[in-house]
Amino acid sequence: PRHANRLINEKSPYLLQHAHNPVDWYPWGQEAFDKAKKENKLIFLSVGYSTCHWCHVMEEESFKNKEIGEIMNKNFVCIKVDREERPDVDKVYMTFVQVTSGGGGWPMSVWLTPDLKPFAGGTYFPPEDSIHRVGFRTVLLRIAEQWKENKDALLENSQKILEALIHGCEIRVRGQESPPPSKEVMATCFQQLSKSYDEDYGGFSESPKFPTPVNLNFLFTYWAMNRTTPEGAQALQMALHTLKMMAHGGIHDHIGQGFHRYSTDQHWHVPHFEKMLYDQGQLAAAYSKAFQISGDEFFADVAQDILLYVSRDLSDRSGGFYSAEDADSYPTTASEEKREGAFCVWAAEEIQALLPDPVEGATAGTTLGDVFMHHYGVKESGNVNPMKDPHQELKGKNVLIVRCSLELTAARFGLELGRVSALLQEGRQRLATARAQRPRPHLDTKMLAAWNGLMISGFAQAGAALAKKDYVSRAAQAAAFVRRHLFDPASGRLLRSCYRGKDNAVEQSALPIQGFLEDYVFIIQALFDLYEASLEQGWLEWALQLQHTQDKLFWDPKGFAYFSSEAGDPSLLLRLKDDQDGAEPAANSVTVTNLLRAACYSGHAEWVEKAGQILSAFSERLQKIPIALPEMARATAVFHHTIKQVVICGDPQGEDTKEMLHCVHSIFSPNKVLMLADGESAGFLYRQLPFLASLERKDGKATAYLCSNFTCSLPVTSPEELRGMLCP
């Protein structure tokens, strides 16, 4: 048996990847802290995640190196953290690294005093010195030397750094601030996004390019509130064009479905190949909204493509969703080392060999391979720009990208559109079969509450917008999984994570990690989305219970808004409030809309007040740089345009009721909540909202009311009239 360190007893796939390093790793916890204090040693903290390319590189070069391992063990207490398990620890030290070095990322490498205060840090370090960079070995030795020679200065410095961080990270209401005016916030955010928008390829930067669904959701809401203005039309165009270009690009896996994490170039062509659950969930929702708004089946197809990938490759049989698939894998079963993208890329001759069939009716000598390679931009010498491939891992290989429209490909080979479509489908099918023979990338089978929440929303929203019942059932299956494995009914609290263990059973770690703010917020959002798609009141009841628990654990009564983590963990130096909507939206941003929805379903006015207090706490940022918080900017508009309660009175099984519901689901309206008044006066909703008892079915037909602050419009009984009310 190989040497193993303490990480062998952990459940996290990332920690287990490091269990055989010569480094004497500890997990984050009291045992490591006590050892550092007792031996008066510095702590080296390394934070990453299991599908992080540069984390693998640093492990191969440094953490598997015996000599470097000896230097680490002799001078430091070494701690490994999976940032997906402990986002709270990650945020504290990432804040430090960003402030002191101007950049951040993973792997994150930070040196701490025995009482956990950071004083030096960075991201990836090469093992040895080079002309450009100082090597990891040198940094370790220098820091160990400093601790011997200048301990007092170092301790004093770490205290100053901590005080500056505490001061710099505070987000709170100043004086009598009120929520910022939504018109200005929305207009500024739109201007800032249009400035960074790439007119040719879509997206919001030159490169690297991230999908950032938060930007697209903002643009959809901006359009919905400004439908008749040129800016509104432009906002919609920006969002739809970006979604189209992404779907055509190499960031979209044309053979295996789903989306990779981000593109290294401006054209969405060469991605970093890992696939993250949080991207699939948010993008499935974004493509469903694009379909709702435009009616273009193209967007519905992409949403279904994402959900096929997740159902097939990221689903546990218990109903939960796995976290991610890695970028690196072995090119063949005989390969010694992994390469980035190996599972997904193609040499031209492979494609020709798989697709040799002559195409009848096309220009003479044309094979299926010719049509496929033309459409997907495949070149004999490979189609990856060497500038985007610093390690030459993709030399001679092709990342598929749609280079022509179906019309152009059809014209090029003298074929009909339907025929080209069928040929490309056949080509993709054969490549998928061939690809299934390759060694698969590592799968991170950790199941996180927050990311499962984002994915449940993806399935629920797609199920409603595309009228697909099976997506709604998949969402319900995952919500039941969360309730069974990531919720403690005795305390009413969520847990952060659980794991696929032996014999594929779901396992929990010896000391389960308690849920963070984002776990509550994304699960509550998911339960509201699932209620609107399924109209099962049990999900609503649970959502409101969780909202009360969230208030109790995370609310800041002095400065307003919610902290990301609970009080009372002595190992956390800061309680932070996230102020950036990035690859995932910030929890405070999503919670504004959650609170407004919760108030509509409960009549609980203090939730509306809390939503306003969050916007007040972030007021300065929302007015100056709303582009950093597009999801919260969007919520500002929902806050100021009172939410419409769409109440359908009818028998849930009746055809007339289903028609009314279908009408509501087919319309994109960012400031509505849907509820079904089924006449069961003892049911949860009737108990919460007494006004429902006064609404009745007109002439025995399913009847819709549009209510605002619990005051309702005249009843309508036809989907056409209802559509007119929802799209003024």
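## The largest cavity

In this predicted model, the largest cavity holds about 740 Å³ of space. Its lining consists of 39 residues, and those closest to the centre of the cavity are K289, Q461, D529, R597 and F668. By class, 20 of the lining residues are nonpolar, 12 are polar and 7 are charged.

In terms of the domain assignment, at least three residues of the lining come from domain 2 (183-323 + 338-443), and at least three come from domain 3 (642-727).

## Domain layout

The assignment divides the protein into domain 1 (6-169), domain 2, which is made up of the two segments 183-323 and 338-443, and domain 3 (642-727). Between the C-alpha centres of domain 1 and domain 3 there is a separation of 55 Å.

## The other cavities

Over the whole structure, the search finds 4 cavities of 30 Å³ or more.

Two or more residues of the lining are given by each of the helices α10 (230-248), α12 (297-313), α15 (406-413) and α16 (417-435). Of the elements involved, α12 gives the most to this lining, with 10 residues.

Sorted by class, the lining of the second largest pocket has 18 nonpolar, 12 polar and 13 charged residues.

Helix α15, which contributes to the lining of the second largest pocket, has T409, A410 and F413 as its buried residues. These three lie on the same side of α15, because they cover an arc of only 100° around the axis. On the other side of the helix, L408 and A411 are exposed.

The buried residues of α15 pack against α14 (368-375) and against α16; α16, like α15, is among the elements that give two or more residues to the lining of the second largest pocket. Just after α15, G414 adopts a positive phi of about 65°.

## G232 in helix α10

Which residues does G232 touch, when those up to four places away in sequence are not counted? G232 is found in helix α10, a helix that also gives two or more residues to the lining of the second largest pocket, and the contacts of G232 are with Y222, W223 and N226. With a relative accessible area of 0%, G232 is buried, because the cut-off for burial is under 20%.

G232 and F487 stand 255 residues apart along the chain, and 42 Å separates their C-alpha atoms.

Note on methods: Residues numbered from 1 in each chain as written. Predicted model: local features only at pLDDT ≥ 70, side-chain atom pairs only at ≥ 80, totals over all residues. Heavy atoms only, no water. 1 Å grid on protein atoms, 1.4 Å probe; cavity = no way out; pocket = protein on both sides within 12 Å on 5 of 7 lines; lining within 4 Å. Points joined across faces, edges and corners; volume = space filled by probe spheres on them. Nonpolar A, V, L, I, M, F, W, Y, C, P; charged D, E, K, R; others polar. Domains from an automatic or database assignment. Helix = DSSP H or I, 4+ residues; strand = E, 2+ residues; numbered from the N terminus. Buried < 20%, exposed > 50% of the residue type's maximum accessible area, 1.4 Å probe, protein only. Arc of directions from axis to C-beta. Contact = heavy atoms within 4.5 Å.
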